[in-house]
Amino acid sequence: MSTLETVRIFLTEQPLEGLEKLYQEPRELPPEERAQNVTRLLRKQAEEVNTEWEKLNLHSADWQRKIDEALERLQELQEATDELDLKLRQAEMIKGSWQPVGDLLIDSLQDQLEKVKVPVPILLQSPLRDPEKVLI
């Protein structure tokens, strides 16, 4: 259904008193001229409705774009959170395999320290620190 058809239906449902209040003219005009005047008035109102409809469409498209952008950022954040959760679980599993400090032998102390050392580049590879995707 087009906008003009919608306006036509809307206006046919409105009481004529409303139109007469908007468009006051002397009653002596012939019916043909009155019909032309009412037609002009209706066209003007239909144009105004059409203009407002276009504005509404533009605003809703802009709002939808903003919602889509926010959704995309939230999905990226969720992916980063999932990745961090996986890394944390892996770190906890590795930590769980460590021997308690009291059980370590002095002879194997250096080997144990090497196992728990994490290279600095690995620590800096956090998904939240990715320069291409700054999330925080």
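1. A salt bridge is taken here as a side-chain nitrogen of Lys or Arg within 4 Å of a carboxyl oxygen of Asp or Glu. By this rule the protein chain has six salt bridges. One of them links E52 and K55, with 3.4 Å from N to O.

2. The model is predicted, so local features need pLDDT of at least 70 and side-chain atom pairs count only at pLDDT 80 or more, while totals for chains, interfaces and linings use all residues. Residues are numbered from 1 along each chain as its sequence is written, and side-chain values use heavy atoms, with hydrogens and water left out.

3. The score used is pLDDT, the predictor's confidence in each residue, from 0 to 100. Its mean over the protein chain is 78, and 65% of the residues reach 70 or more. Among the elements, helix α3 (residues 31-96) has the highest mean pLDDT, 93, whereas helix α5 (residues 120-123) has the lowest, 56. Where pLDDT is low, the predicted coordinates should not be read in detail.

4. The protein chain contains five helices and zero strands, giving the pattern α-α-α-α-α along the sequence. Helices (H or I, at least four residues) and strands (E, at least two) are DSSP runs, numbered from the N terminus.

5. Helix α3 has 66 residues and spans 94 Å from its first C-alpha to its last. This is close to the 98 Å expected at 1.5 Å a residue, where the expected span is 1.5 Å times one less than the number of residues.

6. Burial is described by relative accessible area: buried means under 20%, exposed over 50%, and partly exposed in between (1.4 Å probe, protein chains only). Of the 136 residues of the protein chain, 10% count as buried. In α3 the buried residues are N37, L41, Q45, A46 and A80.

7. The protein chain exposes about 12,100 Å², of which carbon and sulfur atoms supply 59%. Accessible areas come from the Shrake-Rupley method with a 1.4 Å probe; for residues, only the protein chains shown count as cover.

8. Contacts (heavy atoms within 4.5 Å) were also considered by sequence separation. Among those between residues at least 6 apart in sequence, 54% join residues at least 24 apart.

9. A second salt bridge joins K66 to D62, the closest N and O atoms being 3.6 Å apart. K66 and D62 are four residues apart in helix α3, so they are separated by about one helical turn. Both partners are partly exposed: K66 has a relative accessible area of 44% and D62 one of 31%.

10. E69 and R65 form another salt bridge, at 3.0 Å from N to O. They too lie in helix α3, four residues apart, and are therefore about one helical turn from each other. E69 is partly exposed at 41% relative accessibility, as is R65 at 39%. Through salt bridges that share partners, D62, R65, K66 and E69 are joined into one network.
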